[in-house]
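Please look at the model first.

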Amino acid sequence: MTIWLKKKIYFYLPAFKSRNFRLFFSGQTLSLSGTFMTQVTISWLVYGLTNSAWLLGLTGFLQFVPTLFLAPFSGVLSDHWSRRDLLMLVQVLGIIVSFTLTTLTFLGFVDFRLLMFVSILGGLLKGLDMPVRYAIVIETVDDRGDLGNAIALYSAMLSSSLFIGPAIGGVLLATIGAKYCFLYDSISYAIALLTLAAMRLQPTLQPDTPQINDTWQKLQEGFSYVYSTVPIRTILLLLTLHGLVGISHMALLPIFAADILKGGGGTMGLLSAANSGGSVIACAYLSLRRQVLGLEKLIALCPVAIGMGLIAFGLSREIWLSLLMLVVVGGGGMLQVACSNTIVQTLVADDKRGRVMSLYSLAVIGTLPLGNLLAGILAQYIGAPNTVMGCGIVCLGQAVWFSRKLPLLTSWIKLKTNSSGELSNPATP
């Protein structure tokens, strides 16, 4: 890479100046793409084995329900222990689970019950590592002024993984089979472990595992802090509603691929990749932003785009239109999540970052099991298209509610940023 090109990259994407962030970004992109590929593959196999919308929704429920219980405790641990060590532990556990599934698939022992069990184990791993992933970002950049860009790039990493994983998974499903999707996941975990081991972070936390009573006290402090900080509380509530109705259509994609659009594994991969493609576009835009002020207005527009996109997707019977609408829905969803992440990380105090980001993770992902289960039940009785359109209508209602909170949210952001709207001191309580 030439010096000129490096300067250009570091000018527009300053977080990449930090070696630790480059390692974190590359390793986690690969690891998360394998994780999302496995999720899509499991859903496709479950629907192929059972042909049941309800069991498909149950699979989505089991993939995320452990996050509801583990994320808050993971947040407490990340405020008291090395976040890198916690992530490395999760990668090791992920390798064990993924390699076992890969081996059983190659031997021909995969059935519905095994896939359900693996979904539960995957949910446990998500509950352990998601809050830590969000909280560790601030440790990977050498300059606090690059934090906003690092958060945007982290969101881009997440969305790129959502794009790359299902896209490659769709190709593998259509050509050489599901077992190679699981093999990719196993290899990606190992590479992510190596990149985490190569990071050299400054020690900021002392290994001090809290006792049980102290853990409950820390959890209560985190909940009280979020409840008393109105902007954070408002954003987390919107994300909770988004997790219930704005993402649950992903659990029904196998039905649209197989029954509505009359396709196969390749169609399933295209639908998943289109949703994530919109996310990549949204994060490419966010990574070039320098100002925090104004993101709250983008958040207010996102439920409108998501709602209209879901309604059109439910009505569509043409694959090109379905793909286009999923790009809109994916872009709106990622903008909402990434902008919310940036604002929350701007407002939160450092000593409560792990716990607040665990509640953020709970709002983004922890509500998915309930949304997936509800979507599966509704799809069983009223059909997948009607279910998706109903979710779109609810999203439009969210936009109206959140727009009324904008003046208060804007005033809080102005207090935490300088006159230009850029992040002034993210560590200030």
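Helices (H or I, at least four residues) are DSSP runs, numbered from the N terminus. Axes are lines fitted to C-alpha atoms, for helices over the stretch in contact, and angles run from 0 to 180 degrees between N-to-C directions. The model is predicted, so local features need pLDDT of at least 70 and side-chain atom pairs count only at pLDDT 80 or more, while totals for chains, interfaces and linings use all residues. Residues are numbered from 1 along each chain as its sequence is written, and side-chain values use heavy atoms, with hydrogens and water left out.

**Helix pair**
- The axes of H2 (residues 19-50) and H5 (residues 112-140) come within 11 Å and cross at roughly 160°.
- H2 and H5 are therefore roughly antiparallel (an angle over 145 degrees).
- Residues making the contact (heavy atoms within 4.5 Å) include Phe 24 and Leu 32 of H2 and Met 116 and Arg 133 of H5.
- The contact residues divide into 13 nonpolar, six polar and two charged.

**Backbone**
- Lys 262 is not a glycine, yet has a positive phi of about 60°.
- Lys 262 sits in the loop between H10 (253-260) and H11 (265-287).
- Lys 262 counts as exposed, at 67% relative accessibility (exposed is over 50%, buried under 20% relative accessible area, with a 1.4 Å probe and protein chains only).

**Cysteines**
- The count of disulfides (pairs of cysteine sulfur atoms within 2.5 Å) is zero.
- For Cys 339, the nearest cysteine sulfur is that of Cys 302, 5.9 Å away; Cys 339 is buried at 0% relative accessible area.
- For Cys 391, the nearest is that of Cys 395, 6.9 Å away; Cys 391 is buried at 11%.

Terms used. Helices (H or I, at least four residues) and strands (E, at least two) are DSSP runs, numbered from the N terminus. Angles under 35 degrees count as roughly parallel, over 145 as roughly antiparallel, 65 to 115 as roughly perpendicular and the rest as oblique. Ala, Val, Leu, Ile, Met, Phe, Trp, Tyr, Cys and Pro count as nonpolar, Asp, Glu, Lys and Arg as charged, and the others, Gly among them, as polar.
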